[in-house]
Protein chains: 2
Amino acid sequence: MSKSKDILNVGVLGLGTVGGGVVSALQSSPELFESRSGKHIKVVAACVRNPNKNRSAIAMNFPITSNPFDIVEDPKIDLVLELIGGVEPARRLVLTALNNGKNVVTANKALLAVHGEEIFRLAAEKNCFVGYEAAVAGGIPIIKVIREGLVANKITKLHGIINGTCNYILTGMEKHQSAFDDILIEAQQKGFAEEDPSFDIGGIDAAHKLTILASLLFKIPLELDKISVVGIADVELEDINYAKKLGYKIKHLAVAEKSENGVELRVGPALVPETDMLSKVDEEMNAIRLEGNLLGPLLMSGAGAGAGPTASSVLSDIVDSIRNSKLEWASVITNNSDNEPSSDLVITAEQTIASAFYYRLVASNEPGMLASITNILAANNISIEAVIQDEEGKKADRVPILIVTEKIKQRQADATRLALSEMPGIFSPVKQFRVK
Amino acid sequence: MSKSKDILNVGVLGLGTVGGGVVSALQSSPELFESRSGKHIKVVAACVRNPNKNRSAIAMNFPITSNPFDIVEDPKIDLVLELIGGVEPARRLVLTALNNGKNVVTANKALLAVHGEEIFRLAAEKNCFVGYEAAVAGGIPIIKVIREGLVANKITKLHGIINGTCNYILTGMEKHQSAFDDILIEAQQKGFAEEDPSFDIGGIDAAHKLTILASLLFKIPLELDKISVVGIADVELEDINYAKKLGYKIKHLAVAEKSENGVELRVGPALVPETDMLSKVDEEMNAIRLEGNLLGPLLMSGAGAGAGPTASSVLSDIVDSIRNSKLEWASVITNNSDNEPSSDLVITAEQTIASAFYYRLVASNEPGMLASITNILAANNISIEAVIQDEEGKKADRVPILIVTEKIKQRQADATRLALSEMPGIFSPVKQFRVK
């Protein structure tokens, strides 16, 4: 390997939105990156699916290949940017790059959430750097803040809006008073939702990111299957409007929280009080709030996706790989150290942390209905904060009813939903969301 | 010098709130810091004014001195924590520590704002690290985020709420509908305001922090005297309430912004729209919003002072000093490089960036008054967004009048205030605040 001391040779896998943004930023301000990193960061090769595609935003002054192994096996390349996404062949390419002693920067949350352990173990063994700032919350430097800025803190809690598509849709439904499906189409047209949006609106993408964050925060394994995952397809405009009347906004929240028994992880729609700054994070914006034992709460909000924001994070990882080149980057995902005592925390699949719950149901408009409902709740040992019969929303013989409970556990909440669903005189499926 | 490879020997100047917080955190979780930094961080000496004071929160298992030079000249000390504040003797102590090859971590914004150039020049010469995360916005890791997380960005704009005392007082005035002086006393009792609060409420403290931030953001010299500094003493409860009616909150904002002619820096009260997340940052909380060319806006909000938050930042600097010990930390304040081309930006004392302005005045309650006022504004070429005569606030022959202009420059705004003040039939001093 003939690696220059003053040049960092970068090979890029994927020249799509993010890859194009990174190369374009490097080409437009080479002196900025050289002065701030100490090296000339040079793109020396890229792999693309279609070499003939017109890429007007960047100067194609480097060779192009359609075989990714040309990149990860190229001895002159110091650092591989993995921006193709998906699990395979990304996994095999990253492992090959590490095996060849190359540093890796990736924006691939799915890959890390599923195969992170394998990747970071190999990186430690090969003394290579794996940067993944862009994999979580786009341009928000949350990984750096957790690992370095809050290094002195034990983090007890995280609340995040970390899927821009969900947030864009929920915000749009309220703003335009439109149904879910209409806003989804608009989001797709504007590029805020994928053609196949199921990973985003189903909560999987947020779960991927939460897995990575939780592993970092609590030094626990990456265990995607222990996360309680709910998407936003169940949120209707009525819920958004009722929530507003009650003083809340519905947000798709990712939550990691220490409980008595371990760590609980969940993603799903939740009613966030309007007094909470997270409720003000709208459109495609992301935000994360952490609670540290020394610092208290820290909120960060910014763009969670897009060419510029993602490139911003990818580039900061590249610079970090240079700045910290003499440090051991072993097990980066666990706060940069092999020596840290293993956490005795486990992810508990059961959600035991109590919170208030919101229910919406449609009942037959007959006397005694509210009494029957409150009796069911009382029988389940649930205290009520509010029960509202929406007289304005009455239609023929049906009336919408809203309930906000005091703090209860998920188990109690599920039992309550079941009991309410089975009540005579209840028509629709009973909606149930957590209140943050 | 007998410095161990595995131990970082720390000498502490000042064991007050912050110093006590740092030592207490180190003592309560030594294994956490060792695993995350790679060294055992050991407090080996401290200097205090009163050695006999009871310090129950920390184990005094290290020698105490009342002569700070015992610390900065002690050959076994690797890193000096300067937590005594003020300009002298802090400056002399920091320079001595650097001259003796020691790294320095400080929370002293006044020192850096005034003598930063001298300190960072010496640090570069001696190849020493100077950490100052705690000097700006307390626990918010803003320095790290600017220097590292946003390293790929050119920052165009910064808006910050960076003085907790001002924010606490402004929030308290609104919440309790109290006068400035009453809330100031409460803030002093709660420890959110100093006994002599003039640096805070006069805007000097915010100006110190803004000087440091601007130097870092724009690679410009530390020039405190080029900042337009206004405190909050001029903000009355009426202004806060009128602002609310108009859809704003009054916040003490620090602003750094690129203009056509250079960089403009100002601190002062401003009306922030209620739709802006900065308007939701209340009590003693701080927040900073940056705009990067790649990232777009990034908002960070958290505790700006207090033992825990400040210790969080001090400790992350200490860990950074270890992690990056092999890197050149030259000219840290200008994004970690000697090589970066000097900025051609200058701080322009004249404020040329236009914004809307708010005026409050009390006029004689006679016919034609509003017409006279609008004529004066028209004569000064000022378009008006709103003029409101507050009929409810009428007292005897006097009536309050509020004006919000379209975007104008500071020069025009000052001329307008003067013209309004000199109008016949205007009683009080004319209040004038920027609208963010």
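This is a predicted model: local features need pLDDT of at least 70, side-chain atom pairs count only at pLDDT 80 or more; totals for chains, interfaces and linings use all residues.
The buried residues of helix α6 of chain A are Ile142(A), Ile143(A), Lys144(A), Val145(A), Ile146(A), Glu148(A) and Gly149(A).

With seven of its eight residues buried, α6(A) is mostly covered. Within chain A, the buried residues of this helix pack against α10 (204–218), β11 (285–292) and β12, while from chain B they pack against α6 (142–149) and α12 (307–323).

**Where the chains touch**

In the contact between the chains, 46 residues of chain A meet 46 residues of chain B. On the chain A side, the elements that give two or more residues are α2 (30–37), α6 (142–149), β12 (296–303) and α12 (307–323), and the largest share, nine residues, comes from α12(A). Sorted by class, this side of chain A has 21 nonpolar residues, 16 polar residues and nine charged residues.

Strand β12(A) is also joined by five bridges to strand β12 of chain B, residues 296–303, and these two strands run antiparallel. In this pairing Ser301(A) stands opposite Leu299(B), which belongs to β12(B).

**A strand of chain B and its partners**

Strand β7 of chain B, residues 155–161, is largely enclosed by the rest of the structure, because five of its seven residues are buried. Strand β7(B) is joined to β11(B) and to β9(B), and the table sets these pairings beside the one between the chains.

| Strand pair | Bridges | Direction |
|---|---|---|
| β12(A) and β12(B) | five bridges | antiparallel |
| β7(B) and β11(B) | six bridges | antiparallel |
| β7(B) and β9(B) | four bridges | antiparallel |

Individual residues can be followed through these pairings: Lys157(B) has Glu291(B) as its bridge partner in β11(B), the strand of residues 285–292, whereas Gly160(B) has Ala254(B) as its bridge partner in β9(B), the strand of residues 248–258.

**A loop residue of chain A**

Glu194(A) lies in the loop that runs between α8 (180–190) and α9 (198–201) of chain A. Glu194(A) counts as partly exposed because it has 14 C-beta neighbours inside 10 Å, a number that falls between the 12 or fewer of an exposed residue and the 20 or more of a buried one. Ten residues away along the chain is Leu184(A), and the C-alpha atoms of Glu194(A) and Leu184(A) are separated by 9.6 Å.

Terms used
Residues are numbered from 1 along each chain as its sequence is written. Chains are lettered from A and ligands numbered from 1 in the order in which they are written. Two residues are in contact if their C-beta atoms, placed from the backbone, lie within 7 Å. Ala, Val, Leu, Ile, Met, Phe, Trp, Tyr, Cys and Pro count as nonpolar, Asp, Glu, Lys and Arg as charged, and the others, Gly among them, as polar. Two strands pair if DSSP finds at least two bridges between them.
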